[in-house]
Amino acid sequence: MPQFPNTRLRRLRAHDWSRRLVRETRLTPDDLIWTVVVSDSADPTEPVASMPGVERLSIRAAADAAREARDLGIPAIAIFPHINPAHKDDAGSEALNRDGLVARAVRAMKDAAPEVGLICDVALDPFTTHGHDGVLKDGRILNDETVEKLIAQAIVQAEAGCDVIAPSDMMDGRIGAIRAALDSAGQQDTMIMSYAAKYASAFYGPYRDAIGSAKALTGDKKTYQMDPGNSDEALREVAMDIEEGADMVMVKPGLPYLDIVARVKAEFAMPTYVFQVSGEYAMIQAADAQGWIDGERVMMESLSAFKRAGADGILTYFAPRAARALHG
């Protein structure tokens with residue numbers, strides 16, 4: 001490469017038009033998946049204290065959100081439920097209710113905006129009294145028994161009209177089992193987005209407030225979610241899920257794991273997604289509220305970082321705000 005003074009890289013940065021001409025990474029609304037929390041509360045919306053700007057949505061409000069996503073050009077919404085504590089038990093039985101909150105929300109959102117894709121979380125933690133993602137016995141999460149419940153949960157969601165089943169539980173073998181069950185149930189066109197590399201992160205706290213599992217959770221999830229110190233293991237997890245039939249893979253959380261996003265995309269060249277989780281969102285919002293950062297710029301910079309690392313799309317609570325900014 002020619003050296004200074006013949007090469008002056010600042011020349012390309014001198015003007016807005018020249019910066020736009022040479023920009024390597026571009027963010028558009030097509031890159032965004034809006035993460036929403038639905039509730040069967042009588043109130044249209046309920047604010048989440050630890051996530052300023054995020055509200056739990058009634059089914060009617062969720063239908064309105066689907067229309068908003070369509071109008072903003074956001075391709076898909078990821079749905080997470082806040083379950084009435086009266087409907088929770090140790091086994092997470094409400095997850096299998098064909099007329100439960102998730103199924104009713106999916107039907108309402110599809111009626112409102114059928115062109116918007118719906119992604120449903122497959123895990124038991126919103127439905128259990130203990131806050132874990134699976135069947136708990138004597139302090140242990142039982143892998144194979146949990147997978148059987150996840151299969152049934154996935155079928156319920158697919159039959160309600162969910163487009164993408166997204167297992168977030170991190171049980172071994174669940175992708176292959178769910179794929180086989182969907183195919184046998186005539187749901188062969190339903191996609192699977194695997195939470196393939198999901199870490200046992202401290203960044204999930206505000207989300208647990210949003211779905212109502214924070215106070216219920218006993219112990220931690222380190223026996224089934226990944227160790228934050230591991231990178232090679234993530235590639236093994238992703239490879240297994242691809243082999244089992246995942247259509248798309250995901251890394252979670254986001255900014256602290258950009259290296260994992262880059263490795264996964266480079267290694268497998270699969271549709272690769274990243275989740276900008278609740279803690280990331282909350283930190284940006286809190287610092288913005290204190291006037292310590294420019295929240296709008298930090299939001300866009302963080303989303304662009306995911307694209308630069310290789311992600312094909314981003315699950316984010318910022319989706320509607322970012323889409324409006326991108327539309328100018």
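This is a predicted model: local features need pLDDT of at least 70, side-chain atom pairs count only at pLDDT 80 or more; totals for chains, interfaces and linings use all residues.
Residues are numbered from 1 along each chain as its sequence is written, and side-chain values use heavy atoms, with hydrogens and water left out.

Helices (H or I, at least four residues) and strands (E, at least two) are DSSP runs, numbered from the N terminus. Helix 1 covers residues 16-22 and contains V22. V22 has a relative accessible area of 40% and is therefore partly exposed; here buried means under 20% relative accessible area, exposed over 50%, and partly exposed in between (1.4 Å probe, protein chains only). Together with L12, W17 and L21, V22 forms a nonpolar patch on the surface, with about 430 Å² of accessible area for the four residues together. Patches are made of residues with over 30% relative accessible area and no salt bridge, like charges being joined within 9 Å and nonpolar side chains (Val, Leu, Ile, Met, Phe, Trp, Tyr) within 5 Å. Accessible areas come from the Shrake-Rupley method with a 1.4 Å probe, and for residues only the protein chains shown count as cover.

A salt bridge is a side-chain nitrogen of Lys or Arg within 4 Å of a carboxyl oxygen of Asp or Glu. By this rule, 19 salt bridges are counted. One of these pairs R20 with D16, with 2.9 Å between the closest N and O atoms. Because R20 and D16 are four residues apart in helix 1, about one helical turn separates them. R20 is partly exposed, at a relative accessible area of 43%, and D16 is also classed as partly exposed, at 43%.

A further salt bridge joins the side chains of R98 and E159, at 2.2 Å from N to O. This pair links distant parts of the chain, 61 residues apart: R98 lies in the loop between strand 4 (76-82) and helix 3 (101-112), and E159 in helix 4 (residues 143-160). E159 is partly exposed, with 42% relative accessibility.

In the salt bridge between D133 and K221, the closest N and O atoms are 2.6 Å apart. Distant parts of the chain are again linked, since D133 is in the loop between strand 5 (117-122) and strand 6 (135-137) and K221 is in the loop between helix 6 (205-211) and helix 7, 88 residues apart. D133 is buried, with a relative accessible area of 0%, and K221 is buried at 6%. Salt bridges with shared partners connect D125, D133, K198 and K221 in one network.

H132 is located in the loop between strand 5 and strand 6. With a relative accessibility of 4%, H132 counts as buried. Between H132 and I260 there are 128 residues of sequence separation and 25 Å in space, C-alpha to C-alpha. Y273 belongs to strand 11 (residues 272-276) and is buried, at 15% relative accessibility. The C-alpha atoms of Y273 and V122 are 16 Å apart, and the two residues are 151 apart in sequence.

The axes of helix 7 (residues 232-244) and helix 8 (residues 258-268) come within 10 Å and cross at roughly 45°. Axes are lines fitted to C-alpha atoms, for helices over the stretch in contact, and angles run from 0 to 180 degrees between N-to-C directions. The two helices, helix 7 and helix 8, are therefore oblique to each other (angles under 35 degrees count as roughly parallel, over 145 as roughly antiparallel, 65 to 115 as roughly perpendicular and the rest as oblique).

Most residues other than glycine have a negative phi, and most peptide bonds are trans. The peptide bond from F4 to P5 is cis, with omega near 10°, and P5 is in the segment before helix 1. K252 and P253 are also joined by a cis peptide bond, with omega about -5°; P253 lies in the loop between strand 10 (248-252) and helix 8. D138, which is not a glycine, has a positive phi of about 55°. D138 is in the loop between strand 6 and strand 7 (140-142) and is exposed, at 74% relative accessibility. M170 has a positive phi near 70° and is placed in the loop between strand 8 (164-167) and helix 5 (174-184). M170 is buried, with 4% relative accessibility.
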